[in-house]
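The sequence and structure come first.

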Amino acid sequence: MPTPQKPLPKKSTSGSKKPLVYGAVIVVAAGLLGYASYKATAPGSSSTNTSTTPAAEVSADPQAGIYPELAKLARRDAGDKLAVGRADAPVVLIEYADFKCGYCGKFARDTEPELIKEYVEDGTLRIEWRNFPIFGEESENAARGAWAAGQQDRFWEFHAAAYAEGAKEKGFGKDRVKALAQQAGVKDLARFMEDLDGEAARAAVAKDQEQAYGIGATSTPSFLINGRPIAGAQPKETFTRAIETAARQAKTTSGKAGSDATEGAGDSTGSVK
């Protein structure tokens, strides 16, 4: 197995390297994500070992390992070009990933399509992508290219092309990124190239990057599922358990809120028996 790459030093477009502040949550999340990052890149590790060592066990307790402040990072913007699923879905999976990351590609090819078929299509799950380029200039090119493709409603097609078997081995120079955009069905390639190098793309990627570093992510892929940190290309079952646990909890919370509202309305009219 090739020696795993380590992230390059963080670059900040704002001139500040201060992480996002979530109190003690950032320490816990950083510990979980950092542990999984180590397991993924430890000497002698393999793709098999990495994919079977969860960063955070999904316990029977629906609240275990969940941090409400991290759940608030879900944007739930119906106009988000880099998301799939209903904005009001009970579960939001946020993915921080790099197109040069082999484990990200494994998740994109093997697991994500099944999660979309099983949970996004029935309205349970929403997936929100965050560009987290950590391997240098080509990672940045691919991230901005993904954003630019999204402006023409071709983000997920670009995502599939960039994560296809053997795609990352061809690199992500600008000509290659343009070819991927064409493969993804981006119609206005001139606009795509302008967007690729534009300030809006750089700002959007930097914003995602800052958020990832802010929660303590140090490698890719890293995930949040309704505030539960999970790192690495885990088996599908790890995501399934987390999604179903989050969906049950959301239903319980929603039901309780509705019951409380009904009781409150009853009290105000004096009609409660």
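## Pocket, serine and core

In this predicted model, the second largest pocket holds about 280 Å³ of space. It is lined by 18 residues, of which I66, P68, A71, N226 and G227 are the closest to its centre. Two or more lining residues come from each of the elements α3 (68-71), β2 (91-97), β4 (222-225) and α10 (236-269). With four residues, α10 gives the most to this lining. By residue class, the lining of the second largest pocket divides as follows.

| Class in the lining | Residues |
|---|---|
| nonpolar | 12 residues |
| polar | five residues |

Is S222 buried or exposed? Its relative accessible area is 1%, and because buried means under 20%, S222 counts as buried. A polar atom of the S222 side chain lies 2.9 Å from the backbone oxygen of S219. Between S222 and A212 there are 8.3 Å in space, C-alpha to C-alpha, and the two are 10 residues apart in sequence.

The largest nonpolar core has 60 residues, and those that touch the most other members are F99, L125, F158, I225 and F239. Helix α4 (residues 102-120) supplies the largest share of this core, seven residues. Which residues does F158 touch, not counting residues up to four places away in sequence? F158 touches F99, A142, G145, A146, A149, V177, L180, A181, A184 and F192.

Conventions
Residues are numbered from 1 along each chain as its sequence is written. This is a predicted model: local features need pLDDT of at least 70, side-chain atom pairs count only at pLDDT 80 or more; totals for chains, interfaces and linings use all residues. Side-chain values use heavy atoms; hydrogens and water are left out. On a 1 Å grid over the protein atoms alone, a cavity is a set of points where a 1.4 Å probe fits but cannot get out, and a pocket is an open set with protein on both sides within 12 Å along at least five of seven lines; lining residues have an atom within 4 Å of a point. Grid points are joined across faces, edges and corners, and a volume is the space filled by probe spheres set on the points. Ala, Val, Leu, Ile, Met, Phe, Trp, Tyr, Cys and Pro count as nonpolar, Asp, Glu, Lys and Arg as charged, and the others, Gly among them, as polar. Buried means under 20% relative accessible area, exposed over 50%, partly exposed in between (1.4 Å probe, protein chains only). A polar contact is a pair of N or O atoms within 3.5 Å; within protein, one must be able to donate a hydrogen and the other to accept it, and residues adjacent in sequence count only if both atoms are side-chain atoms. A nonpolar core is a set of buried Ala, Val, Leu, Ile, Met, Phe, Trp, Tyr and Cys residues joined through side-chain atoms within 4.5 Å. Contact means heavy atoms within 4.5 Å.
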